[in-house]
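Thanks for coming. I will go through one structure today, starting with the display.

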Amino acid sequence: AGTLSAGSTSKTFTGLLTSTSYDIRGRSMCSGGTPGVWSTILTHSTTAPLPCELPAVLSLNTVTNTSAVFTWPAISGAGWYEFRYKLVSSGTWISGGTIAAPGTSKTQNGLAAYSSYEIQTRTFCNSSQYSNWSSSTYFTTTVNPPTLFASTVNSNNATVTWTAVPNAQWYEFKTKP
């Protein structure tokens with residue numbers, strides 16, 4: 001594993017396998033290149049890579065009838081973040097894709113209106129290691145918007161109609177010239 005000059009008192013061994021036990025011995029070289037006796041064996045085990053840090057719970061920013069936007073704090077050493085989501089009433093997780101680090105925002109599209117979901121994330125780091133899944137963030141998508149039809153329009157007013165929207169409690173409107 002190499003030699004060092006007589007004034008040295010430290011050696012770092014590189015390229016070792018992680019989570020592996022090694023026996024290390026050393027000896028002194030006498031004048032003229034005559035080797036001394038090998039030291040007693042020092043057994044040393046390398047450690048496993050640092051575990052991936054568990055991401056914080058996702059913060060819910062915006063919810064619509066078909067999407068939700070989440071943010072989270074960046075994790076040092078993250079390669080990307082992976083997501084999964086499901087209806088609260090379902091036992092089946094759906095892949096929500098990934099976001100490459102240093103990204104810290106995710107829009108989950110394709111959700112059903114007026115439905116309760118939970119979403120989780122995990123961190124990928126160390127070239128082959130994932131953290132555990134985060135705690136779930138729960139949210140409910142909004143109801144669908146009404147589809148408006150102009151039924152009567154005259155010089156200073158308009159009447160619109162729509163089909164009732166399931167689960168709507170009331171309707172709100174705004175106009176703009």
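**Charges, overall form and core**

Let me begin with charge: the protein carries 9 positive and 5 negative side chains, and the centres of these two sets are 8 Å apart. Lys and Arg are counted as positive, Asp and Glu as negative, while His and the chain ends are left out. Each charge is placed at NZ of Lys, CZ of Arg, CG of Asp or CD of Glu.

Some ground rules. This is a predicted model, where local features need pLDDT of at least 70 and side-chain atom pairs count only at pLDDT 80 or more, while totals for chains, interfaces and linings use all residues. Residues are numbered from 1 along each chain as its sequence is written, and side-chain values use heavy atoms, without hydrogens and water.

Next, the overall form. The protein has 0 helices and 12 strands; these are DSSP runs numbered from the N terminus, with helices being H or I of at least four residues and strands E of at least two. Along the principal axes, the C-alpha atoms fill a box of roughly 110 × 40 × 15 Å. The radius of gyration is 31 Å, whereas a compact globule of 177 residues would have one near 16 Å. That radius is taken over C-alpha atoms, and the globule rule is 2.2 Å times the number of residues to the power 0.38.

How much of the protein is buried? Buried residues make up 21% of the 177. Buried means under 20% relative accessible area, exposed over 50%, and partly exposed in between, using a 1.4 Å probe and protein chains only.

Now the largest nonpolar core, which has 13 residues. Such a core is a set of buried Ala, Val, Leu, Ile, Met, Phe, Trp, Tyr and Cys residues joined through side-chain atoms within 4.5 Å. Among the members touching the most others are Phe 70, Phe 83 and Phe 139. Strand 4 (68-71), strand 5 (78-87) and strand 8 (116-125) each give two or more residues, and strand 5 supplies the largest share, 4 residues.

Beyond its neighbours within four places in sequence, Phe 139 is in contact (heavy atoms within 4.5 Å) with residues including Leu 60, Leu 111 and Ser 115.

Ser 115 sits in the loop between strand 7 and strand 8. It counts as buried because its relative accessibility is 14%. Its C-alpha lies 5.4 Å from that of Thr 141, 26 residues away in sequence.

Finally, Pro 102 is in the loop between strand 6 (94-100) and strand 7 (105-108). With a relative accessible area of 71%, Pro 102 is exposed.
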